[in-house]
Structure formats: C-alpha cells, structure tokens
Amino acid sequence: MEASPNSSESECNRRGACGSHSFSGVDRRAATVSFALPPPWRSPVTVHQNIGKINVDATARWVWDTAPVMCEFLIDHAKRLLAGRSVVEVGAGTGLPGLVSARLGPSSVVLTDLPSELELLEKNVEVNVAQGKEADVTVRACAWGELDEWQGEVFDTVLCSDVLYHQPRNILKALANTLEVLCSKRSGVVVFAYHFRENLIHDAQFFEFIDELFDERARFDFGDVWMFEWVPKRGEAC
Ligand SMILES: C[S@@+](CC[C@H](N)C(=O)[O-])C[C@H]1O[C@@H](n2cnc3c(N)ncnc32)[C@H](O)[C@@H]1O
C-alpha cells in the first residue's frame, strides 16, 4: 500500500528563522521538509522524505521532530561546534542537521546511516549542496559497531539526532562505541539530541555506556528534547 502526501512541502522551524509560526511537529506526510536559516542565508535546506510503502519501515526516511531542534541549536552554537571543524552525522536519516551544518562553516561533513538507507541521503545532498559554496559533504555507510572501514578516522563534531527507540542492549552499546571511535580524543565533541518518550528507564542503559566513555560538558533542555554535549574522558591517549 502506498502512502500519499497530504501536502507537497512542510516547514519545520521552531522559531524565528522563517516567520513567527510555532512548531507543532514535522509533517510526516509531506514530500519535502524545509528548514529556513536566518539571514544571511537566503535559501532553506529542503530535504525529501520518502513515504514509500507504508508497510515498510520508514524510520530513516522521515524528519523526526528532534532534528529541527538540533538545527536551531547548531545555528546558535555554530562558532563553537561547527566552524572550521570536521563533522560526521550518525544515524542521519534524511540528513537535515548535517545539511544545515554544511552551511555553517565546517571543514567537511559526512552523513552516515545503514547501508540500506543511503539513497535518500544522497538525493538530499544533491538537492542542497551547491558545489563550491558549502563544505564538502559526502555520504557513507556506518552501521553502528561495524567500524572496520573507519579505523583511524576521527571527527571534531559528531552529530546524532533521535536515535534511541527501545533498541536491544547490544545495539545501544554498539552506538555508544561508534560515537567513541568517531569522536576525536583531542578536539572532539558529540552533540546528541534525545527525545524523551517515557523510555528513560530502557534508554538509561545507553546513558550508562556513554558515562563510561565520555564526560558531559553541557546539557540543554528544549521541552522533551534534551541536547547533550559529550567530550571524551580526560586522560585517554590523543
Ligand atoms: C528515528 S531515526 C532518526 C533519523 C534522523 N537522525 C532524524 O532525527 O530525523 C533513527 C536513525 O538511526 C538509524 N539507525 C538505526 N539503527 C542503526 C544502526 N544499527 N546503524 C546505523 N544506523 C542506524 C536509522 O536508519 C535512522 O536513520
């Protein structure tokens, strides 16, 4: 069965940037979702969602409500978290935060997801990244815990938006390890957007793995979205 969009496009800013409307959640039935940046950026970042067959899991092909919150946060903290830095997004889905980041002065951006979920990401890069204007943006497979191809590659900023949804413990551990492997011990920070959905007791397992690997540098609350900044534990080798 095919799902049909009820509108062709949707805007997803929570505040300010594209008007005074308040954010009431991303429209999952829209074909595209646009995020407007404040001046001097003229054009929004517009990602395609892939509604596809409704009996097939579309988790990676929707913009989840946490993603625009992370985009606003990254705009507010771009100097500190993005300017001149190498960026990787883990579990990127449609890639909205990574694509917004690409406009905010990083040296490079890599968008990653499961090998089966890269087609839409590639399309969204093609639509949004103007050659020569934005940072270099590439798409690569990164299944959590399967990191042979990533050995020795580290990033200054690791983005992760809304990736906890009651997965088994081994997946949560693989995710925490993936963040650790990709995050530079010298200059790295993980920016992790967590959507609180009454699963905190289950998700606490993931936060325990994180506690072993990272120190919490900051936490910002935006209603039921919590934004964490984690830095590798001190005393580890560079
Ligand atoms: C709820 S979606 C969030 C997508 C996007 N970050 C957002 O906020 O809109 C979770 C994402 O994690 C990815 N994911 C789930 N399990 C994964 C795994 N084992 N390895 C890599 N990515 C995974 C999914 O494919 C999906 O893109």
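Strands pair if DSSP finds at least two bridges between them; strands (E, at least two residues) and helices (H or I, at least four) are DSSP runs, numbered from the N terminus. Before going on, note that this is a predicted model: local features need pLDDT of at least 70, side-chain atom pairs count only at pLDDT 80 or more, and totals for chains, interfaces and linings use all residues. Residue numbers start from 1 along each chain as its sequence is written.

Now pick Val88, which sits opposite Val158 of β7. Show α5 as well: this helix packs on the sheet, touching β4, β7 and β8, and its direction makes about 170° with that of β4. Angles run from 0 to 180 degrees between N-to-C directions, with axes fitted as lines to C-alpha atoms (for helices, over the stretch in contact).

Zoom out to the whole sheet. Seven strands form an open sheet in the order β6-β5-β4-β7-β8-β10-β9, with mixed pairing. At the edges are β6 (136-141) and β9 (214-222), each pairing on one side only. From one strand to the next, the twist averages 20°. Next, select 118-128: helix α4 lies across β5 (108-113) and β6, at about 175° to β6.

Back to Val158. Which residues does valine 158 contact, leaving aside neighbours within four places in sequence? They are Val88, Val90, Leu179, Leu182, Cys183, Gly188 and Val190, where contact means C-beta atoms, placed from the backbone, within 7 Å. In the largest nonpolar core, with 63 residues, Val158 and Val190 touch the most other members. Helix α1 (66-76) gives this core the most, seven residues. Such a core is a set of buried Ala, Val, Leu, Ile, Met, Phe, Trp, Tyr and Cys residues joined through C-beta atoms within 7 Å. Buried means 20 or more other C-beta atoms within 10 Å of a residue's own, exposed 12 or fewer, and partly exposed in between, with C-beta atoms placed from the backbone.

For contrast, click Lys185, in the loop between α5 (169-182) and β8 (189-195). Lys185 counts as partly exposed because 14 other C-beta atoms lie within 10 Å.

Last stop, the ligand: 20 residues surround it, and the closest are Ala60, Trp64, Gly91, Gly93 and Ser161. A residue counts as near if its C-beta atom, placed from the backbone, lies within 6 Å.

How values were computed
Two residues are in contact if their C-beta atoms, placed from the backbone, lie within 7 Å.
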